[in-house]
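Let's take a friendly walk through a protein model together. Have a look at the sequence and the 3D view, and then read on.

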Amino acid sequence: MNLLHQVETAPRLQPRRVLLYGERGVGLSTFAAQLAQPIVVACDDSLAHLECPRFPAAKRLGGVLRALAELHNEPHGYRTVVLDPLDSLELLI
C-alpha cells in the first residue's frame, strides 16, 4: 500500500509532551507543580520545598523507572507527570 492511502486529516487526541528546560532557581518546578493534577518523579531531593505529590527521591535510575511503570500500570488520578530535575535524571542515566 502506498503512503497516499495512509494520509490522515483528523487530529489525533494524544497527551501533550512538553519539555521545559532552564537554569535552576528560575521557577520551572514551581510552574510544573501547578499543572493539572501533577505528580513529581523526583530525581534528587531539591523539590522538598514544594507542596505537591511526589515519589521519594530516586537514588538510581531503577527508582525512576519503577515510578513511571507504576503510573503506567496502576489506576490513579494524576494527569501530569513531572520528571525533575532533568540534570539529575541525566546523572542517573
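Is Glu-8 buried or exposed? Glu-8 is exposed, because its relative accessible area is 51%. Here, buried means under 20% relative accessible area, exposed means over 50%, and partly exposed is in between (1.4 Å probe, protein chains only).

Before going further, please note that this is a predicted model, in which local features need pLDDT of at least 70 and side-chain atom pairs count only at pLDDT 80 or more, while totals for chains, interfaces and linings use all residues. Residues are numbered from 1 along each chain as its sequence is written, and side-chain values use heavy atoms, with hydrogens and water left out.

**Salt bridges**

Side chains of opposite charge can pair when their charged atoms come close. A salt bridge is counted when a side-chain nitrogen of Lys or Arg is within 4 Å of a carboxyl oxygen of Asp or Glu. By this rule, the model has three salt bridges. Here they are:

| Salt bridge | N to O distance |
|---|---|
| Arg-12 and Glu-8 | 2.8 Å |
| Arg-24 and Asp-44 | 3.2 Å |
| Asp-87 and Arg-24 | 3.0 Å |

Arg-12, the partner of Glu-8, is exposed because its relative accessible area is 56%.

Now look at Arg-24, Asp-44 and Asp-87, which are linked in a network of salt bridges. For the pair Arg-24 and Asp-44 (3.2 Å), Arg-24 lies in the segment before α1 and Asp-44 in the loop between β1 and α2, so this pair ties together parts that are 20 residues apart in sequence. Asp-44 counts as buried because its relative accessibility is 18%. For the pair Asp-87 and Arg-24 (3.0 Å), Asp-87 lies in helix α3 and Arg-24 in the segment before α1, so the parts tied together are 63 residues apart in sequence. Asp-87 counts as partly exposed, because its relative accessibility is 29%. The helices (H or I, at least four residues) and strands (E, at least two) named here are DSSP runs, numbered from the N terminus.

**Ser-88 and its contacts**

Which residues is Ser-88 in contact with, leaving aside its neighbours within four places in sequence? They are Arg-24, Cys-43 and Asp-44, where contact means heavy atoms within 4.5 Å. Ser-88 lies in helix α3 and counts as buried because its relative accessibility is 10%. Its side chain also makes a polar contact with the side chain of Asp-44 at 2.7 Å. A polar contact is a pair of N or O atoms within 3.5 Å; within protein, one must be able to donate a hydrogen and the other to accept it, and residues adjacent in sequence count only if both atoms are side-chain atoms.

**Inside the model**

A nonpolar core is a set of buried Ala, Val, Leu, Ile, Met, Phe, Trp, Tyr and Cys residues joined through side-chain atoms within 4.5 Å. The largest one has nine residues, including Ile-39, Val-41, Cys-43 and Ala-67. At least two residues of this core come from each of β1 (38-42), α2 (61-73) and α3 (86-92), and α2 supplies the largest share, three residues. A second, separate core has eight residues, among them Ala-33, Leu-50, Cys-52 and Val-82.

**Near the start of the chain**

Asn-2 lies in the segment before α1 (28-33). The Asn-2 side chain reaches the backbone nitrogen of Leu-4 at 2.9 Å and that of His-5 at 3.2 Å. Asn-2 counts as partly exposed because its relative accessibility is 40%.
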